[in-house]
Amino acid sequence: MAILDSRSSDPRLQVLHLDRDLSIIEQKRSDNPEASIATDNLAYVIYTSGSTGIPKGVAIEHRNTVALLHWAKSVFTADELAGILASTSICFDLSVFELFAPLSWGGKIILVENALSLRATDAKRITLVNTVPSAMAALLAAGALPESVRVVNLAGEALRPELVRQLYQTGTVEKVYDLYGPSETTTYSTFTRRTANSPATIGRPISNTQIYLLDSNLRPVPIGVPGELYIGGAGVARELPASSGIDRG
């Protein structure tokens, strides 16, 4: 049985009318059903091409997502998570934060018809926007960033200092976070709070995550020497391609 908009014409779905069918619903059991879900059960599979250009499925377990959500609670306040704009396709891993962070910690998901053209009724409820820099630049250019937004999370692309300055110049945005992480490590692996004049950086690891900069022989590189980024910890997915460059350690 599914609960959905009664205007849906999909014949495969059964519509549950909470008002009309209330007397029937009240006869059902009110206790929570037993669930046998374990931390290592599969939560979802998301496809990413990464740097290879070849689509591959990333298997994320429940424990991976739970680790991300507990980190989110430690960084963002209840007021900041009160209303998060759902601006990302569920095919993109940024949506995992947008959908589950507010619902896990008492907030709301704000659904809109067009994330780049917000109506006043939608905009006044949004406290946090979690998106990519190019989309945020478009919102600013259109003068469409709601005044209620206090926190902006930006990931998926390089975050230019000029965009950070523009966000603080709105006078309403209080925090801008720069986040980084491949889909194989459950949305975000590092983060930092950028200030109006701070240099570009991906910051430090989120909780229960380790970051290593290694050379071609998997040895740590000295400060200032280029290396490959290796990620380990609670966010690492169940199944990874051999060439992913991500460590389960």
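## Meet T187 and its surroundings

Not counting residues up to four places away in sequence, T187 touches Y44, L68, D93, L94, V96, Y180, G181 and P182, where contact means heavy atoms within 4.5 Å. This is a predicted model, in which local features need pLDDT of at least 70, side-chain atom pairs count only at pLDDT 80 or more, and totals for chains, interfaces and linings use all residues. Residues are numbered from 1 along each chain as its sequence is written, and side-chain values use heavy atoms, with hydrogens and water left out.

**More on T187**
- The loop between β7 (175-180) and β8 (190-194) holds T187; strands (E, at least two residues) and helices (H or I, at least four) are DSSP runs numbered from the N terminus.
- T187 has a relative accessible area of 1%, so T187 counts as buried (under 20%, with a 1.4 Å probe and protein chains only).
- A polar atom of the T187 side chain lies 3.1 Å from the backbone oxygen of D93.

**A look at L18**
- L18 sits in the segment before α1 (22-25).
- L18 counts as exposed because its relative accessibility is 52%, and exposed means over 50%.

**The chain as a whole**
- You will find six helices and 11 strands in the chain.
- Of the 249 residues in the chain, 38% are buried.
- Among contacts between residues at least 6 apart in sequence, 47% join residues at least 24 apart.

Notes
A polar contact is a pair of N or O atoms within 3.5 Å; within protein, one must be able to donate a hydrogen and the other to accept it, and residues adjacent in sequence count only if both atoms are side-chain atoms.
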